[in-house]
Amino acid sequence: YSMSLQLSYAAVIGLVWLYEPISRLWKPDNRIIAFFWGITAASLACQLMTLPLSLYYFGMFPMYFLPANLIVIPLTNVLLFAGAMLLGIAALHYPPAAAFLGHYIGLMVQWLNSMVHFLSGMPAAGLKNIFLSLLACIIGYAAIALMGRAILKRNSELLLAGLSALLLFSLSLWI
C-alpha cells in the first residue's frame, strides 16, 4: 500500500504497455531527435499511468514534466553508470580515483536538483488543488486501460467505453 511503490509500479506499467505505441507515432530520421523523442515517449507513458495516483495523493499535475524529464532521464542514466564505476573503484581500494569520481557525482546530483528546483519554481509549474477521490482514481485507470486497449486493438466499442469512463473521470474532477 506504499504510495511510492504504487507510483513506481504505475510508471513501469506505463513504460511496458504504452512506451512502444507512443514511440511508434513518430520515427525521426535524425539520431539526436530520435533520442529525445524516445525520452519524450517514455515520459508521456509514465506520466499517463501515474496521473490518477498523482492527482489522488498530491492533488496536483506537474506542467513541466516533459522538459524536466528531458534533463532528468539522461542525467540519471549517467549517474547510475558513474555510481557503478564508483563502486568498482572503491572495491579496488583506490581512494584518489574514488574521491575524484565521488566529487563529480555529487556535483551532477546538485546540478540535477537545482534544475528540478528551478522548473518547480517557474510560473504555473503545476495545476494545484485537484482533489480526487479513490473512486475517481479507479475510474481514471479504467479510462486509461479501456482507451489504451481500444487504440491498440482498434476497437470502437472499447473506445466508447473508455471515453465514457473519461467523461465520468472529468465529471468527478469538476464535482
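In this predicted model, the largest pocket has a volume of about 630 Å³. Its lining is made up of 25 residues, and those closest to the centre are Gln 47, Pro 62, Phe 65, Ala 68 and Asn 69. Four helices each supply at least two lining residues: H1 (3–23), H2 (31–58), H3 (65–91) and H4 (95–120). The helix that gives the most to this lining is H2, with seven residues. Sorted by class, the lining of the largest pocket holds 17 nonpolar residues, seven polar ones and one charged one.

Two or more lining residues come from each of H1, H2, helix H5 (134–153) and helix H6 (156–174). Here the largest share belongs to H5, which provides seven residues. The lining of the second largest pocket divides into 15 nonpolar, two polar and two charged residues.

The next topic is pairing between side chains. Side chains of opposite charge can pair when their charged atoms come close. How many salt bridges does a search of the whole structure find? The search finds one. It joins Glu 20 and Arg 24, whose closest N and O atoms are 3.9 Å apart; the pair counts because a salt bridge requires such atoms to lie within 4 Å. Glu 20 is partly exposed, at a relative accessible area of 39%. Arg 24 has a relative accessible area of 51% and is exposed, because the class of exposed residues begins over 50%.

Aromatic rings also pair, and the count comes to five aromatic pairs. One of them is formed by Trp 26 and Trp 37, with 5.6 Å from centre to centre and 70 degrees between the planes, an edge-to-face arrangement. Trp 26 lies in the loop between H1 and H2, while Trp 37 is in helix H2, so this pair ties together parts that are eleven residues apart in sequence. Are these two residues buried or exposed? Trp 26 is partly exposed, with a relative accessible area of 43%, whereas Trp 37 counts as buried at 16%.

Another pair is that of Tyr 56 and Tyr 57. Their ring centres are 5.0 Å apart and their planes stand at 65 degrees, so this pair is edge-to-face. Tyr 56 is partly exposed, with a relative accessible area of 30%, and Tyr 57 is partly exposed at 31%.

Key: Residues are numbered from 1 along each chain as its sequence is written. This is a predicted model: local features need pLDDT of at least 70, side-chain atom pairs count only at pLDDT 80 or more; totals for chains, interfaces and linings use all residues. Side-chain values use heavy atoms; hydrogens and water are left out. A salt bridge is a side-chain nitrogen of Lys or Arg within 4 Å of a carboxyl oxygen of Asp or Glu. Buried means under 20% relative accessible area, exposed over 50%, partly exposed in between (1.4 Å probe, protein chains only). On a 1 Å grid over the protein atoms alone, a cavity is a set of points where a 1.4 Å probe fits but cannot get out, and a pocket is an open set with protein on both sides within 12 Å along at least five of seven lines; lining residues have an atom within 4 Å of a point. Grid points are joined across faces, edges and corners, and a volume is the space filled by probe spheres set on the points. Ala, Val, Leu, Ile, Met, Phe, Trp, Tyr, Cys and Pro count as nonpolar, Asp, Glu, Lys and Arg as charged, and the others, Gly among them, as polar. Rings of Phe, Tyr and Trp (its six-membered ring) pair if their centres lie within 6.5 Å; planes under 30 degrees apart count as stacked, over 60 as edge-to-face and the rest as tilted.
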